[in-house]
Amino acid sequence: MKNKTSFLPQEGEARPSRCPDNSAFKQQKLPAWKPQLTIAAVLSSFFLTGVFCLSVGVCLIMSANSVREIQIDYSDKCSDCSKLRENSSNWNKECHCSVNFMLKEDILGDVFMYYGLQNFYQNHRRYVISRSDAQLLGRNVNIQKSYCAPFTTYRNGTPMAPCGAIANSMFNDTIDLFYNLNSSVIQVPLLKTGNSWWTDKNVKFRNPKSYNLSSAFAGTARPPYWQKPVYLLDEEDERNNGYVNDDFIIWMRVSAFATFRNLYRRVRRIRQFADGLPAGNYTFHISYNFPVTKFKGRKHVILSTVVWSGGSNPFLGIAYVVSGTAATLTGFVITVIHLKLRKKKTFFQK
Amino acid sequence: MTVPRDMPEKWRRVRGPGGAEEERRVRANAREYNEKFQYASNCIKTSKYNIVTFLPVNLFEQFQEVANTYFLFLLILQLIPQISSLSWFTTIVPLVLVLTITAVKDATDDYFRHKSDNQVNNRQSQVLIGGVLRQEQWMNVRVGDIIKLENNQFVAADLLLLSSSEPHGLCYIETAELDGETNMKVRQAIPVTSELGDTSKLAQFDGEVICEPPNNKLDKFGGMLYWKENKYPLSNQNMLLRGCVLRNTEWCFGLVIFAGPDTKLMQNSGRTKFKRTSIDRLMNTLVLWIFGFLVCMGVILAIGNAIWEHEVGVCFQIYLPWDEGVHSAFFSGFLSFWSYIIILNTVVPISLYVSVEVIRLGHSYFINWDKKMYCAKRRTPAEARTTTLNEELGQVEYIFSDKTGTLTQNIMVFSKCSVNGHSYGDMQDMLGHKVELRERPEPVDFSFNPLADPRFQFWDPSLLEAVNLGDPHVHEFFRLLSLCHTVMSEEKSEGELYYKAQSPDEGALVTAARNFGFVFRSRTPKTITVHELGRAITYQLLAILDFNNIRKRMSVIVRSPEGKIRLYCKGADTILLERLHPINQDLTNVTTDHLNEYAGEGLRTLVLAYKDLEESYYEDWSERLHRAGSAPEAREDRLARLYDEVEHDMMLLGATAIEDKLQHGVPETIAILTLANIKIWVLTGDKQETAVNIGYSCKMLTDDMTEVFVVTGHTVLEVREELRKAREKMMDASRSIGNGFSYQEKLSSSKFTSVLEAIAGEYALVINGHSLAHALEADMEVEFLETACACKAVICCRVTPLQKAQVVELVKKYKKAVTLAIGDGANDVSMIKTAHIGVGISGQEGIQAVLASDYSFSQFKFLQRLLLVHGRWSYLRMCKFLCYFFYKNFAFTMVHFWFGFFCGFSAQTVYDQYFITLYNIVYTSLPVLAMGVFDQDVPEQRSMEYPKLYEPGQLNLLFNKREFFICIAQGIYTSVLMFFIPYGVFADATRDDGAQLADYQSFAVTVATSLVIVVSVQIGLDTGFWTAINHFFIWGSLAAYFAILFAMHSDGLFQLFPNQFRFVGNAQNTLAQPTVWLTIALTTVVCIMPVVAFRFLKLDLKPELSDTVRYTQLVRKKQKTQHRCMRRVGRVGSRRSGYAFSHQEGFGELIMSGKNMRLSSLALSSFATRPSAGWIETLRKKKGSDSSTAASPSGAADKTLKDGRPLSPAAPSGRSSVSIHLHGVQIPHHTRMYYARATAAGGRRGSGGAVTAPCPLAHSSTTCLLFI
């Protein structure tokens, strides 16, 4: 039964407690911005976007065009070596080959040397996970628990250092660049450190702590495909040895696609190379260790400069120009359609 | 008594010990004996869990949900290392989150169930233990106990009635909670036990009952009482069932037969049918499709994987040998299938269901919080009792409404009258709310009359002046009203009169007479005592010429104290005007004009007339009447002829007009809902005339209508014929108006809607209950539906609760439209439960409808706000939410698919696993939730002003399969760009410092960042209503993304878990690259600009209803409504009058026999046999003083006021006032129904007082189209 007095509200009676609050939130009356797709907003956004994209695109294309790049596929040129490497029993046999090329113009500025691989599926799921970051951080961990298999331990139980398919498949060609100046051959000075990310070099990769490197890796063995153990990756430079070896670090940063290039060396700008690579004849001396023919892969060596937008990749510039053009055109189309429609509207309203 | 809404299934299982009970043996007052059988105690338990069982039981229940099991299955897949393409936590975190949210919700629900259980279990009842009555809690009542019930108490368990305060062991119960019937029922104890009146005798009672086991049959009980070596059969007539309320019986004793879960009430309350919205069903279908799509993608990628492994992977084995156990490319493909299922599972978003629930919950709260749906008068806010149906409120096409209590207040108000050719009462404007807005004139002051009913209001002072001036016609008019009726009066204390009218109309008339100084005071079988302007006059009641449906009138023949015999008659104008004396011709014409005017306003009219009878004629007639009354055969006919004879050549006195008060704002609401293309069907148990009358007064029916078809056939053939005719007429009309050919063409498409569209002109259909029964038969239902749907308004009268449900079911079945049923009474429960959405009118006495409903509020007019504002917004928000949700998940997931082609189909993910884990639950969940909860496309007042805005919901335009595919396409488009633009950029690119750019982690960060930005921009584009919360969530999500990104890529976390947080340093290195940002910017531009262009063009070229089209349509509609408004007044009432509509035959005879008069009322009226001498003394004094002060009516008033007796409206409790008619009189069922309604009305009126004060905020929401 209802309280009868409630039907005759009296003065002074307490406000009914069941009455909802009169707050903006509860009454759905919060102040709000109500954006609308007005013709002005839409057209200005399209034209502004168009202008922006076009200008960025043009800038990108221009800067990308200023990049000098030389790419040399040496998988065919070193066919002997590649045949040799197809047989894995020859893993410890050395094989060298040379590739000549000519620079018609100077390459000015910083010159970077890359090795490029094609058809090498670094982004394969099983490949990507096949590592132990804890191990690479110098921790003494049980790598059996990681996804390194089957590159975890040898049959005798000796753990691999570093473990996993990524480390095992590390690119181990040695590429040297020689400048042929007037029949004299000058080795182009190359920097092998400073090529990796600071965080990788200083945070992500640490050698196990010990008085020296070889003892730090005592009790472990090199990965099966390696020719030398990890602590001998760079015998000259203690700070570029073991896990913190730049080549190793760069290799461990797996690429997103099956075709990729990794920074190998930088040209050290001294002497005649202070401004970059002068025009002339050059030779790559390659110690061919990394087999690719088996999986129909290709190997490249690339020399390139960079600009603010990175290396030479015309894609972004073109894409910007295209979308800028499209945006501008759409802007015009919209204008036309809208104008036509507005005429119709007035017609109807009459 | 709250009937648990969802009873756990357990009920059924735990019934009786050791399997099914075959018979029940109960011995009174023998707890030890009864305990042997381990009958269920009276403690009820509707809660599902307790603290210990909550976790396991709840988890078990949750995993019965397909979605949850699916994710559990994924989780298991992820634990298989060969397959696991994602860490286990990417699934478990969202899953745990979802499970937790659901568990918290379940726990809260269960807590409230515990509370309500406790409340019920702790009710007190008096139990006879060891010869004394003891207060015990309900849960401690045992089978075999004898308990005492007092008036108005709930019956605690199923009892065998032993004895009661009433003679013959009778007792009255109300079974509204049980079966929905609001009338009272009589139960009688078997004679041997009815003498056990006091506790000592009852304590000795040791009878044993052997009866049927517990069952759910409410109207059946079979058993035997064995007592003193005798057998007494027991039936349902001897039982009081739990849930009933004892009425009009001071006390009774009962023996507990079934307790707690065994009671019939509990056996009957099954799980309420779980309602799903159409969006739910669509969503489930779509999820299944997506699932199929997922499998397809999995298969494609698995085949790809097999081929790749066969062609490339084999050669690549030197660097990447196959996993152990994988020996063939085919097997690898098989594994890759499962891996891809894991990765791509985010297309079936786990958070979808929980987000939908959260949004609906938010919408429900908005409904609960809505101040404009709060009725201050009844102190009831609107309540969303179900939180899962909100968006369906935006799709309603059919409303099925109850009439009494829903459209009308069931309050009859004497509003106008015509006396001797003069019309009174015109000051009151009948246009409802218009009056409320204006300054109201002061109501007539009745303070001169101490016996006046303070709740009665009248606005025309001229009538009172006429009374005071002694206008004989007016006096005779009110004298008639005070004499010619079958109302019973009860005077609890002096001057406090309560009328118990069998129909509210009659109550209103007698009350009007009372206030104008002609107070019907009391009656005996032979007399009627009336205080005429303060003078007590006792008329001799010679005869009551009772009402029946054919006569449509009733008369009384009275002898005044002066000895004059006069016949007073009131009845339907059509009947009465024919029976007047020819000299009344002029007066008749004037009165007829008045009657037309009243009828035009939707008032119920009656014509009043009198006739003086010669003593001799009366003697003769009375003699004949006596003979006829005792005649063995053809009694009815003979009586009717005699009545006919005397009711002739009468003198016209005037006419009355009674307003069946509509709820506030009903016509406006109906008008707006009609404009919103919602069809309103009224399903009422009332008579056809009443229903049609209300149909007109609430503007469902108008005189503009081309035709109102009335189907009243009694046989299948008649009904079919009437329906066919109606359809033919509609078709003919449309053919003659429109292009016949095109119409035919449309018809041949056999779609109902096309028929609807093709029909020109407005039609209405009125169908009677008995015709409806035929129309609902299988072979005719389609025909009926087609006809009914072609009509603008449908009124079904005299329908049973079951038929109400059938009609709703019919529309549900064939129209594929969303139906809403609204009602207030127990008889609406079936339809409320059947309809997609059930709305209960709360704040009434019965709560049955509210309990069964999904939404409840106290005024019909709130329906427009519920549908047009809340429903529309809910639908819009839900659709926008779903579109965006599917979009964002496809954009997110499909990137993996494209990447599959570049990573050797190896199920490598594109993103960091943490990104995958958090994408749905952190980065993108809140902005879309905020949009889903807060978005508004147009302000609320616009949706009232432009009801057409409601249409997209009905046509399901905002989210359907087409929209879904558009969203999916957009998602896929986004994913393509999201993958291929970074791919193009990264393929050979290097960083600005010469290092490699295209490493996997940088790619992952770039794609993830551009994805988050693109979907954030997209939600920004979708959000039409940026509140602070939206801003906070959208910007917050972006901020959170970057914060989490940098945190996840930080040194600290990496140092702690180097194998988990491999992306160390990635964020700062990658995001420092201008190329990356240019890529992100380009992706965003390319993903968003086409969407902007399409949206704008759509808006510009094909605007949704919201623009030009809507504008022009609205103008047209407005004009139309205005037109209607103007025509309304000048209507000629072909349908006016019907005798007091809810009147029943048979009461005249009852009164004359005195059978229905309680001892107390008889005593009061005869002033003699009242036991209390003091009381008689007072009455006598009063009588004397009244006659002495008769000349000045105000004297009596002074006196009463001096007595200090408050003239308070302390109302009779509606239900307890019923008693008078039920004593030993078998009243036919339909009579009871009306009777109950009348009493309910009395109760409401009693408690409601003069319910004219408008609910605050009431009119602000009724932006009426009628006056634009």
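Visitor: Which residue of strand 34 of chain B does A:Ala32 stand opposite?

Guide: B:Thr1027. The model is predicted: local features need pLDDT of at least 70, side-chain atom pairs pLDDT 80 or more, while totals for chains, interfaces and linings use all residues; side-chain values use heavy atoms, with hydrogens and water left out. Residues count from 1 along each chain as its sequence is written; chains are lettered from A and ligands numbered from 1, in the order written.

Visitor: What makes strand 1 of chain A and strand 34 of chain B a pair?

Guide: Pairing takes at least two DSSP bridges between strands. Residues 32-33 of chain A and 1026-1027 of chain B are joined by two and run antiparallel, so they pair. Strands here are DSSP E runs of at least two residues; helices are H or I runs of at least four; both are numbered from the N terminus.

Visitor: Why is B:Glu940 with A:Lys29 called a salt bridge?

Guide: The rule wants a side-chain nitrogen of Lys or Arg within 4 Å of a carboxyl oxygen of Asp or Glu. Here the closest N and O atoms are 2.7 Å apart, so the pair qualifies. Across the interface of chain B and chain A, the rule finds four salt bridges. Helix 41 of chain B (residues 1074-1101) gives the largest share of chain B's side, 17 residues.

Visitor: How many residues make the contact?

Guide: Chain B gives 113 and chain A 99. Contact means heavy atoms within 4.5 Å.

Visitor: How do you know what share of residues 315-339 of chain A is helix?

Guide: DSSP runs make that span 100% helix and 0% strand. UniProt's unreviewed entry lists it as "transmembrane region"; such annotations may be inferred rather than shown by experiment, with positions in the numbering used here and feature names shortened.
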